[in-house]
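Let's take a friendly walk through a protein model, one part at a time. Keep the picture open while you read.

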Amino acid sequence: MKTSKILGLAVILSLAPTPVLAETPVGEIGYSKGSLGYDALMAGQNDMALAQLEAARDVDADDPARLINLGQAYARVGRTGDAARMFIAATQSKRSFDLLLANGEVMNSRDAARMAFDNLNDRIASR
């Protein structure tokens with residue numbers, strides 16, 4: 001089921017660290033601070049992001065925002081198989097909603113997960 005609610009998300013669709021700008025929107029709209037690892041991902045602190053995402057008790061394990069960010073963190077630390085599994089799970093989730101991406105763009109969670117998966121595949125192919 002698709003809803004049009006916009007939720008904050010730290011999706012870093014490129015796998016390279018992205019600098020945080022002063023005008024960057026607050027990242028975890030609708031979530032407890034740290035539960036999506038937003039600040040840690042934006043700062044390139046991938047191990048911290050993983051710890052936050054794996055410890056978040058107030059976010060459902062199948063939440064597409066959590067799955068996508070977890071996939072990004074896994075990809076950044078070289079766990080590409082785990083990253084791919086997270087992106088696929090987000091595309092196949094029964095839940096779908098619009099996400100506010102780190103770049104300010106609004107995108108459906110399934111589309112964001114597919115884009116992240118494609119970026120991961122491109123990164124692997126370019127090795």
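## Salt bridges

K33 and D39 join their side chains in a salt bridge, with N and O 2.4 Å apart. This is a predicted model, so please read every distance here as a computed value. K33 is exposed, because its relative accessible area is 70%, over the 50% cut-off.

How many salt bridges does a search of the whole structure find? There are six. One of them links D82 with R79, where the closest N and O atoms are 2.8 Å apart. R79 counts as partly exposed, at 36% relative accessibility.

## A link across the sequence

Now look at D63 and R95, whose side chains meet in a salt bridge of 3.6 Å, N to O. D63 sits in the loop between α2 and α3, while R95 sits in the loop between α4 (80-92) and β2 (96-100), so this pair ties together parts that are 32 residues apart in sequence.

Are these two partners buried or exposed? D63 counts as buried, because its relative accessibility of 3% is under the 20% cut-off. R95, at 29% relative accessibility, counts as partly exposed. Salt bridges that share partners also bring in D60, joining D60, D63 and R95 into one network.

## Helix α3 and its ends

D63 has another contact to show you: at the start of α3, one of its side-chain oxygens reaches to within 2.7 Å of the backbone nitrogen of A65. Just after α3, at the other end, G78 takes a positive phi of about 90°.

You can check the length of α3 yourself. The helix has 13 residues (64-76), and at 1.5 Å a residue they should span 18 Å; the end C-alpha atoms are 18 Å apart, which agrees. What surrounds this helix? Of its 13 residues, 13 are buried, so α3 is largely enclosed by the rest of the structure.

## The nonpolar core

The largest nonpolar core has 29 residues, and I68 and L99 are the ones that touch the most other members. Several elements share in building this core: α1, α2, α3, α4, β2 and α5 (109-125) each supply at least two residues. Which of them gives the most? That is α3, with seven residues.

## One face of helix α2

Which residues of helix α2 (residues 46-55) are buried? They are N46, A49, L50 and L53. Seen down the helix axis, these buried residues fall within an arc of 100°, so they line one face of α2.

## A buried serine

Finally, find S35 in the loop between β1 (2-8) and α1. S35 counts as buried, because its relative accessibility is 4%, under the 20% cut-off. A polar atom of the S35 side chain lies 2.6 Å from the backbone oxygen of S32.

What else is in contact with S35, leaving aside its neighbours within four places in sequence? The contacts are E28, Q52, L53, A56, D58 and V59.

Terms used
Residues are numbered from 1 along each chain as its sequence is written. This is a predicted model: local features need pLDDT of at least 70, side-chain atom pairs count only at pLDDT 80 or more; totals for chains, interfaces and linings use all residues. Side-chain values use heavy atoms; hydrogens and water are left out. Helices (H or I, at least four residues) and strands (E, at least two) are DSSP runs, numbered from the N terminus. The expected span of a helix is 1.5 Å times one less than its number of residues. Buried means under 20% relative accessible area, exposed over 50%, partly exposed in between (1.4 Å probe, protein chains only). A polar contact is a pair of N or O atoms within 3.5 Å; within protein, one must be able to donate a hydrogen and the other to accept it, and residues adjacent in sequence count only if both atoms are side-chain atoms. The arc is that of the directions from the helix axis to the C-beta atoms. Contact means heavy atoms within 4.5 Å. A salt bridge is a side-chain nitrogen of Lys or Arg within 4 Å of a carboxyl oxygen of Asp or Glu. A nonpolar core is a set of buried Ala, Val, Leu, Ile, Met, Phe, Trp, Tyr and Cys residues joined through side-chain atoms within 4.5 Å.
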